[in-house]
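Have it open while you read, and find each residue as it comes up.

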Amino acid sequence: MTNDLAIVILAAGQGTRMRSRLPKVLHPLGGRPLVAHVLDNAAALDPVRIEVVVRHDRDRVVETINDVATGVHIVDQDEIPGTGRAVQVALADLGDFAGDVLVLSGDVPLLEASTLADLLATHRASGAAATILSARVDDPTGYGRIIRDAAGDVQRIVEQKDASDDEAAVAEINVGVYVFQAPALRSHLDLVGTANAQGERYLTDVVGLLRDSRLPVAAALAPDATAALGVNDRVQLAEAARILNARTVRRWQLEGVSVQDPATTWIDVDATLAPDVTVLPNTHILGATTIATGATVGPDTSLVDCEVGEDAVVRRTDATLAVIGARTNVGPFAFLRPNTTLAAGGKIGTFVETKNSSIGEGSKVPHLSYIGDTTIGRGVNLGAGAITANYDDLTKHRTEIGDEVHTGSHNVFVAPVRIEAGAKTGAGAVIRKDVPPGALALSVAPQRNVEGWVEKNRPGTGAASAAAGARAAQEAGDGSQEEDG
């Protein structure tokens, strides 16, 4: 290996404080697993090799890593516990590599690549055998402490469980990020023992061993302590999410997006917003959602992996894997399920649910409708209460509605069925057969009124009393008209 940087990412731990069946490094943050953020930063430094050390729930962790990154080497930690052992097996996989080794934790997701690049530059400029990234915090509980000597040089790192009262009071903490000269790291890892409260091989013990060998150890203070902190429990995960989201929202604001209320707006890191997009309060833009120029999204809207076109308006809507075209209008209270496509100028209105359906240019499904497994042409208007009955208890079937079809209110289309271009349907129709072009489809029987039914079948009720009174008034009115005549 001729390149001078290799990166080792520690992702073997269970993360018991998360109290979860999901491995800690796979918990989502900004729409991506924790470890994915670390992998992104590692790749930005262009190392010769990225090694990820795994153990707990190994197959699930490896599957996720392979989904979010390429060219990563997976190293399995054996039964010997501890971060020191994890780095030791990664070094063995690196063979005779003699450059710098940057060690990252899979649960420290908020560090930016620029901070890591500065750490690497500091390490190389100092000529230290090891350089530690540290942070000063108000509450260091749970973190290893950086212990310095009288001259201010790094002496050792003490873990929380092994710290004396004086050491526990130190506010400078180890955030689990280091740069080592590979030969010095390799030779001193072999000397690390397990005489500590947890019976593990601590990577942090290498610092004291390097000092015993009179090799220099440096520490670089992180410019943003909050970004350097790891995620160990659900409280810290929520705080990390808040920090990352604030960073993401601010970035889009600086790119020309109007975010009316950043505190209630959540934007995942893989989402893309164009200039002149407006985001109203209580809106979640999640996954790989893209929103084009001039669109307005919100309030009270959740978009997951959606595409929103120019000048579209989407309000009080829940949509997943939907394509919303330019100049469309969606909501309020619309539910767009996967594979919904709304073409330019179309509308999906109030209390409308759609699924696996395409709605053509300028077509409207204004209100109180369910549209599933349906193809709708251009210029169509569906009356209120339209239902495409797509399921027969065994199989899903499609409904096809041609161009310029206008339907009456409260129609049910029993799939498979096709309504040809220009056709119309009457109010209350149940359409079971194909409708030819330009035809009017009716299925309602003639209305029949059974006189006196309420008084006969519901005697003594308020309805019977009201009906009798209304009938008496009508008869009195008819009698006076006859006398006048």
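1. A word on ground rules. This is a predicted model, where local features need pLDDT of at least 70 and side-chain atom pairs count only at pLDDT 80 or more, while totals for chains, interfaces and linings use all residues. Residues are numbered from 1 along each chain as its sequence is written, and side-chain values use heavy atoms, with hydrogens and water left out.

2. Now the overall shape. The C-alpha atoms fill a box of roughly 125 × 50 × 45 Å along the principal axes. The radius of gyration (taken over C-alpha atoms) is 34 Å, whereas a compact globule of 485 residues would come out near 23 Å. That globule rule is 2.2 Å times the number of residues to the power 0.38.

3. What share of the chain is buried? Buried means under 20% relative accessible area, exposed means over 50%, and partly exposed is in between (1.4 Å probe, protein chains only). Of the 485 residues, 46% are buried.

4. Next, the inside. A nonpolar core is a set of buried Ala, Val, Leu, Ile, Met, Phe, Trp, Tyr and Cys residues joined through side-chain atoms within 4.5 Å. The largest one has 45 residues, and L273, I291 and I419 have the most contacts inside it. Among the elements giving it two or more residues are α9 (234-254), β27 (347-355) and β29 (364-372). A second, separate core of 37 residues includes V25, L39, V62 and L116.

5. Take a look around I419. Contact means heavy atoms within 4.5 Å. Leaving aside neighbours within four places in sequence, I419 is in contact with E400, I401, G402, V405, F413, I431 and V435.

6. Is N41 buried or exposed? N41 sits in helix α1 (residues 34-44) and counts as buried because its relative accessible area is 13%. Not counting residues up to four places away in sequence, N41 touches P109, L111, E112, A113 and L116.

7. Finally, L368. You'll find L368 in strand β29, and L368 counts as exposed because its relative accessibility is 53%. L368 also belongs, with F333 and F351, to a nonpolar surface patch of about 330 Å². Accessible areas come from the Shrake-Rupley method with a 1.4 Å probe; for residues, only the protein chains shown count as cover.

How values were computed: Helix = DSSP H or I, 4+ residues; strand = E, 2+ residues; numbered from the N terminus. Patch = residues over 30% accessible without salt bridge, like charges linked within 9 Å, V, L, I, M, F, W, Y side chains within 5 Å. Salt bridge = Lys/Arg side-chain N within 4 Å of Asp/Glu carboxyl O.
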